[in-house]
Amino acid sequence: VLTVAKARWAFVESQREDEASVGAHQDGELSTELDFEEFLECLGRCGLHKYGAIEQMRVSDRVTALILNVLGRMDVASVITAATLVRAGVSFNGRADSERLPGETAAEHERWLRTWQLVETNLKGLHGFPLWLKDVHNMLHAGVHDIAHVFKHLLRDSSEFELDFGAFQTWAREMASKMPGGAADADAAGMAQVVFATATNTIAGLPRLTFQAFLAALPRLAFALSNPKFGELSEHPDESGVVRAPKVQPVQWALLALLDAMEVQASHPSGAGPRNASPDSIKVQKYREAGMRFASPRSPLERSALRAANNVTRSPTRGRGDSASPVQR
């Protein structure tokens with residue numbers, strides 16, 4: 001938020017050192033005045049203050065956003081929407097989009113698809129669903145045989161094929177200790193209880209995990225262990241005085257960390273998570289509509305916006321050498 005106090009501080013900080021004293025003169029300029037270069041610096045500082053709480057905006061984005069506000073090209077709501085809006089692409093459909101692994105027969109793939117259908121149903125409601133669905137599918141699909149070995153080991157040579165809560169909780173606490181930045185032991189025990197209750201099937205009156213339920217529990221457990229403070233605000237404000245929520249580890253990267261702790265070979269996630277997503281196409285479209293031009297673009301966003309803004313001034317009928325804008329591609 002840009003307060004009057006912060007604006008005044010930006011004004012003072014933008015002046016040269018030899019003009020810092022009140023009433024000082026330098027080349028006929030008062031300390032209460034800004035020349036053009038100082039004015040540009042002041043605008044930049046104001047942009048950093050105004051949009052400092054928007055984590056998705058880089059430094060250059062914050063400065064650019066304030067310039068757009070000053071020029072009347074974009075209002076505050078449009079800037080924040082362009083910086084934070086995440087649009088999901090075409091939703092992943094396991095039946096249509098799942099590919100067979102090398103050496104996997106059609107019958108084995110069909111069995112996996114039936115298993116995945118049960119897993120996907122249990123994952124609805126998890127943070128960011130369904131943005132990460134394809135990555136989670138690919139990781140579980142690639143590591144399903146190794147995960148099955150882990151599951152059999154947890155059964156402790158039992159004649160039953162369902163996992164009880166005690167074994168699952170002990171294993172979850174062990175995984176938390178192996179994961180980088182994982183939850184504390186006491187927190188992991190509570191998280192395991194919640195995840196187990198979400199994924200269990202009641203068998204003979206006792207809650208137990210089948211292998212399919214165990215697969216469905218892995219993404220939920222991974223997200224919980226990687227984000228022990230999810231949904232809580234920090235106890236102390238940052239340097240800008242803003243109390244922020246802890247950064248969220250996306251589901252697919254949390255699952256990768258859990259599978260690494262399990263020593264399961266899995267495919268690497270291909271996409272970013274909700275909080276880390278970079279909807280550049282949306283931002284470029286917004287900057288294009290504003291007609292913003294950058295004198296010396298430095299970031300990829302600025303370069304894309306410059307190309308998009310230049311397309312606004314082109315003739316509707318492009319020549320042979322012209323190319324489509326980044327938004328049109």
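Biologist: In which helix does aspartate 97 lie?

Modeller: This is a predicted model, and the position of aspartate 97 can be read from the secondary structure assigned to it. The element concerned spans residues 94-97, and aspartate 97 belongs to helix H5.

Biologist: How far apart in space are aspartate 97 and lysine 134, C-alpha to C-alpha?

Modeller: In sequence, 37 residues separate aspartate 97 from lysine 134. In space, the C-alpha to C-alpha distance between aspartate 97 and lysine 134 is 8.7 Å.

Biologist: Turning to the whole protein, what share of the contacts with a separation of 6 or more comes from residues 24 or more positions apart?

Modeller: The secondary structure comes to 14 helices and four strands, and of the 329 residues, 39% count as buried. Among contacts with a separation of 6 or more, the part that joins residues 24 or more positions apart is 58%.

Biologist: Which residues does tryptophan 171 contact, leaving aside neighbours within four places in sequence?

Modeller: With the sequence neighbours set aside, the partners of tryptophan 171 are Val150, Leu154, Phe214, Leu218, Leu221 and Met262.

Biologist: How is the pair of phenylalanine 168 and phenylalanine 196 classed, given its geometry?

Modeller: The whole structure holds 11 aromatic pairs, and in the one formed by phenylalanine 168 and phenylalanine 196 the centres are 5.6 Å apart, with 45° between the planes. Phenylalanine 168 lies in helix H9 and phenylalanine 196 in helix H10, so this pair ties together parts that are 28 residues apart in sequence. Both phenylalanine 168 and phenylalanine 196 are buried. Because 45° falls between the limits of 30 and 60 degrees, the pair is tilted.

Biologist: Why is the pair of phenylalanine 223 and phenylalanine 230 put in its class?

Modeller: Phenylalanine 223 is buried at 6% relative accessibility, whereas phenylalanine 230 is partly exposed at 41%. The ring centres of phenylalanine 223 and phenylalanine 230 are 5.1 Å apart and their planes stand at 75°, so the pair is edge-to-face.

Biologist: Which residues are linked in a network of salt bridges?

Modeller: A search of the whole structure finds six salt bridges, one of which joins glutamate 110 and arginine 114 with their closest N and O atoms 3.8 Å apart. Because glutamate 110 and arginine 114 are four residues apart in helix H6, about one helical turn separates them. Glutamate 110 is partly exposed at 30% relative accessibility, as is arginine 114 at 44%. The network consists of Arg95, Glu110 and Arg114.

Biologist: What is the N to O distance in the salt bridge between arginine 45 and glutamate 41?

Modeller: Arginine 45 and glutamate 41 both lie in helix H2 (residues 36-50), four residues apart, which is about one turn of the helix. Arginine 45 is partly exposed at 29% relative accessibility, and glutamate 41 is partly exposed at 35%. Their side chains meet with an N to O distance of 3.0 Å.

Biologist: In the salt bridge of arginine 58 with aspartate 61, is aspartate 61 buried or exposed?

Modeller: The side chains of arginine 58 and aspartate 61 meet at 3.4 Å, N to O. Arginine 58 has 36% relative accessibility and counts as partly exposed. Aspartate 61 has a relative accessible area of 3%, and because buried means under 20%, aspartate 61 is buried.

Terms used: Residues numbered from 1 in each chain as written. Predicted model: local features only at pLDDT ≥ 70, side-chain atom pairs only at ≥ 80, totals over all residues. Heavy atoms only, no water. Contact = heavy atoms within 4.5 Å. Salt bridge = Lys/Arg side-chain N within 4 Å of Asp/Glu carboxyl O. Helix = DSSP H or I, 4+ residues; strand = E, 2+ residues; numbered from the N terminus. Buried < 20%, exposed > 50% of the residue type's maximum accessible area, 1.4 Å probe, protein only. Phe/Tyr/Trp six-rings, centres within 6.5 Å; stacked < 30°, edge-to-face > 60°.
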